[in-house]
Amino acid sequence: MIVLLGLVIGVVAGLLLQPTVPVALQPYLPIAVVAALDALFGGVRAMLDDLFDDRVFLVSFLSNVLVAGFIVFLGDQLGVGAQLSTAVVVVLGIRIFSNAAAIRRHVFKA
């Protein structure tokens, strides 16, 4: 219940305050969102498998976002930012769909 309340408060605050992302950080936002979604789906899968640990989830969430952001930053410095961004999205996308399939199998027994 606390999680849902926090989500509602966050969405309402975002809609009312309309925060802007600095131009320098804009290339990293989509990658951070995809990395966070990967951690979220992994957490849901772990919860359904009765393996969920809040510390593991928090470390996974933060490390996914930081590592993905660092890879994109490194790509920008090397002049291949778009290619590394695509690689990060593909790898994390595969993990997201793998976790989504496991969640689907668990929920629908199919």
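Q: If a salt bridge is a side-chain nitrogen of Lys or Arg within 4 Å of a carboxyl oxygen of Asp or Glu, how many salt bridges does a search of the whole structure find?
A: The search finds two salt bridges. This is a predicted model, in which local features need pLDDT of at least 70 and side-chain atom pairs count only at pLDDT 80 or more, while totals for chains, interfaces and linings use all residues. Residues are numbered from 1 along each chain as its sequence is written, and side-chain values use heavy atoms, with hydrogens and water left out.

Q: Which residues form the salt bridge with the closest N and O atoms 2.9 Å apart, and which helices do they lie in?
A: That salt bridge is formed by R95 and D38. Because R95 lies in helix 4 and D38 in helix 2, the pair ties together parts that are 57 residues apart in sequence. The other residues that D38 touches, by a contact rule of heavy atoms within 4.5 Å, include N64, L92, I96 and N99, leaving aside residues up to four places away in sequence.

Q: Where is the salt bridge of 4.0 Å, N to O?
A: In that salt bridge the side chains of D49 and R45 meet. D49 counts as partly exposed at 39% relative accessibility, and R45 is partly exposed too, with 29%.

Q: How many residues does helix 2 have, and what does it reach from its first C-alpha to its last?
A: The expected span of a helix is 1.5 Å times one less than its number of residues. Helix 2 has 20 residues and reaches 29 Å, close to the 28 Å expected. Its buried residues are I31, V34, A35, A36, D38, A39, G43 and A46, and what covers them includes helix 3 and helix 4. Just after this helix, D50 takes a positive phi of about 60 degrees.

Q: How many aromatic pairs are there?
A: Rings of Phe, Tyr and Trp (its six-membered ring) pair if their centres lie within 6.5 Å, with planes under 30 degrees apart counted as stacked, over 60 as edge-to-face and the rest as tilted. The count comes to two aromatic pairs. F52 and F57 have ring centres 5.8 Å apart and planes at 45 degrees, so the pair is tilted. F57 and F61 form a tilted pair as well, at 6.0 Å centre to centre and 40 degrees between the planes. F57 and F61 are four residues apart in helix 3, and therefore about one helical turn separates them.

Q: Which residues make the nonpolar surface patch?
A: Patches are made of residues with over 30% relative accessible area and no salt bridge, where like charges are joined within 9 Å and nonpolar side chains (Val, Leu, Ile, Met, Phe, Trp, Tyr) within 5 Å. Here V67, F70, I71, F73, L74, L78 and V80 make a patch of about 600 Å². V80 lies in the loop between helix 3 (54-78) and helix 4 (81-108) and is partly exposed at 32% relative accessibility. V67 belongs to helix 3 and is partly exposed at 46%. Between V67 and V88, which are 21 residues apart in sequence, the C-alpha to C-alpha distance is 9.7 Å.

Q: What share of the 110 residues of the protein counts as buried?
A: The share counted as buried is 22%. The protein exposes about 8100 Å², and carbon and sulfur atoms supply 76% of that area, which comes from the Shrake-Rupley method with a 1.4 Å probe, only the protein chains shown counting as cover for residues. Among contacts between residues at least 6 apart in sequence, 74% join residues at least 24 apart.

Terms used. Helix = DSSP H or I, 4+ residues; strand = E, 2+ residues; numbered from the N terminus. Buried < 20%, exposed > 50% of the residue type's maximum accessible area, 1.4 Å probe, protein only.
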